[in-house]
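Thanks, everyone. I would like to walk through one model this morning, going from the overall fold to the core, then to the aromatic rings and a few individual residues.

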Amino acid sequence: MPTVEELYRNYGILADATEQVGQIRRQAIKELPQFATGENLPRVADILTQLLQTDDSAEFNLVNNALLSIFKMDAKGTLGGLFSQILQGEDIVRERAIKFLSTKLKTLPDEVLTKEVEELILTESKKVLEDVTGEEFVLFMKILSGLKSLQTVSGRQQLVELVAEQADLEQTFNPSDPDCVDRLLQCTRQAVPLFSKNVHSTRFVTYFCEQVLPNLSSLTTPVEGLDIQLEVLKLLAEMSSFCGDMEKLETNLRKLFDKLLEYMPLPPEEAENGENAGSEEPKLQFSYVECLLYSFHQLGRKLPDFLTAKLNAEKLKDFKIRLQYFARGLQVYIRQLRLALQGKTGEALKTEENKIKVVALKITNNINVLIKDLFHIPPSYKSTVTLSWKPVQKVEIGQKRANEDTTSGSPPKKSPAGPKRDARQIYNPPSGKYSSNLSNFNYERSLQGK
């Protein structure tokens with residue numbers, strides 16, 4: 001089988017005229033699939049994969065088309081060439097080969113992507129996942145989650161196990177290591193859409209309760225402007241809905257409860273004249289409390305007597321005082337928000353200020369519903385709320401996300417040198433961390449990037 005250089009030489013690649021050279025190169029690429037017969041096909045696929053590094057748009061289109069054409073001849077052979085370069089090729093070739101798979105596989109018909117072909121993709125992907133960047137990991141999860149054979153419950157479970165392995169959940173969590181924190185968040189974001197009533201999040205929820213919550217205030221992140229603590233709490237809240245049987249449920253529920261108490265302050269002491277005795281009114285961090293209260297409410301269903309039987313009377317009394325104080329401030333704030341939004345429709349609700357107020361109202365209403373449940377005697381865990389950053393309509397588990405990669409014929413821009421970290425955030429509602437001072441209840445939005 002001729003090499004790339006030999007093929008170009010055969011087509012007059014050494015010609016002096018630049019335009020002529022380009023034309024001959026493109027003609028050579030068009031003709032390459034003719035060599036893709038029998039044992040030669042993987043080699044042709046390997047050559048075409050190397051040619052993905054071209055910055056010429058016309059050539060790049062031709063290479064893509066040639067790869068797709070031999071894919072339809074022999075999918076397994078073509079995958080052999082692609083994965084060979086992904087595992088052993090230059091960085092730019094590896095990057096573009098992965099993006100080719102992430103954008104083009106879904107365009108292939110079922111008769112090409114057979115069960116056997118999908119099994120090969122999974123097997124080869126596992127080899128690549130042993131050493132990937134954050135960006136590459138996201139792309140491979142997109143590739144694998146789109147395979148028909150992995151749409152089943154057992155298939156989704158396989159993907160969750162892959163993500164758990166990538167997240168390194170067997171290791172002790174290091175909150176001061178930005179890469180460790182980033183890897184956990186990156187992996188958890190990929191796992192969340194896979195969880196369902198049949199595919200449980202127990203392993204991730206356990207790790208968050210045992211390893212992450214106790215270190216919440218120490219978390220560091222390489223992502224500028226990201227409220228890392230809120231991001232972690234959002235992920236925990238989403239996962240808590242699908243948690244199965246947990247070995248150390250009471251212990252982990254207590255850790256969650258203790259963290260919730262940190263954000264549910266006691267009322268300030270009052271002097272004899274009824275005013276505060278020198279202490280400032282505490283700020284109510286609504287976004288944090290929504291996440292923690294929701295997670296506690298979800299896990300509390302599995303141990304409904306936790307508040308009444310597992311806490312001593314003094315601890316329960318303290319919690320009720322905190323709930324009452326928070327609820328009182330919440331009611332005033334909800335009235336303020338409703339008054340501010342009253343009569344506003346259409347375009348008026350699309351302003352940045354009103355978007356924030358709408359989300360703030362969702363958050364506070366959610367907290368209000370959950371607090372009412374806990375005030376029942378005994379505490380109830382029956383109410384259902386939709387987290388403020390989630391769409392109200394039901395979304396199918398495993399629904400394909402919008403394609404964020406370019407599907408144009410132009411080659412992707414070369415990535416700058418250095419480590420690649422995917423800073424894309426899956427959940428990005430128009431909301432920050434909401435807090436309100438109880439002395440005046442003026443709405444305040446604070447985005448505290450770490």
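The secondary structure of the chain comes to 17 helices and three strands, where helices (H or I, at least four residues) and strands (E, at least two) are DSSP runs numbered from the N terminus. Please keep in mind that this is a predicted model, in which local features need pLDDT of at least 70 and side-chain atom pairs count only at pLDDT 80 or more, while totals for chains, interfaces and linings use all residues. Residues are numbered from 1 along each chain as its sequence is written, and side-chain values use heavy atoms, with hydrogens and water left out.

As for confidence, pLDDT is the predictor's confidence in each residue, from 0 to 100; its mean for the chain is 83, and 80% of the residues reach 70 or more. Over residues 11–17 the pLDDT is below 50, and this stretch has eleven contacts in the model beyond near neighbours in sequence, a contact being heavy atoms within 4.5 Å. Residues 414–450 also have pLDDT below 50, and that stretch has 113 contacts beyond near neighbours in sequence. Where pLDDT is low, the predicted coordinates should not be read in detail.

Turning to the chain as a whole, 50% of its 450 residues count as buried, with buried meaning under 20% relative accessible area, exposed over 50%, and partly exposed in between (1.4 Å probe, protein chains only). Among contacts between residues at least 6 apart in sequence, 75% join residues at least 24 apart.

Now to the interior. In soluble globular proteins, nonpolar side chains tend to be buried together. A nonpolar core is here a set of buried Ala, Val, Leu, Ile, Met, Phe, Trp, Tyr and Cys residues joined through side-chain atoms within 4.5 Å, and the largest one has 127 residues, of which Leu48, Phe204 and Phe296 touch the most other members. What does Leu48 contact once its neighbours within four places in sequence are left aside? The partners are Ile29, Leu32, Val63, Ala66, Leu67 and Ile70. The C-alpha atom of Leu48 is 9.9 Å from that of Ala97, 49 residues away along the chain. Ala97 lies in helix H6 (residues 91–104), is buried at 0% relative accessibility, and, neighbours within four places aside, contacts Thr49, Leu52, Leu82 and Ile86.

Next, the aromatic rings. Rings of Phe, Tyr and Trp (its six-membered ring) pair if their centres lie within 6.5 Å, and planes under 30 degrees apart count as stacked, over 60 as edge-to-face and the rest as tilted; by this rule there are nine aromatic pairs. Phe173 and Tyr207 have ring centres 6.3 Å apart and planes at 85°, so they are an edge-to-face pair. This pair links distant parts of the chain, 34 residues apart, with Phe173 in the loop between helix H9 (153–167) and helix H10 (178–191) and Tyr207 in helix H11 (residues 202–212). Both Phe173 and Tyr207 are buried. Tyr263 and Tyr288 are also edge-to-face, because their ring centres lie 4.9 Å apart with the planes at 75°. Since Tyr263 is in the loop between helix H13 (249–262) and strand E1 (283–285), and Tyr288 in helix H14 (residues 286–300), the pair ties together parts 25 residues apart in sequence.

Lys320, in helix H16 (residues 313–341), is partly exposed with a relative accessible area of 23%, and touches Leu374, Phe375 and His376, not counting residues up to four places away in sequence. Asn368, in helix H17 (residues 352–375), is buried at 12% relative accessible area and contacts Leu330, Gln331 and Ile334 when neighbours within four places are left aside. A cis peptide bond joins Ile377 and Pro378, with omega about -5°, and Pro378 is in the loop between H17 and strand E2 (433–437). Asp168, in the loop between H9 and H10, has phi near 60°, a positive value in a residue other than glycine, and is partly exposed, with a relative accessible area of 29%.
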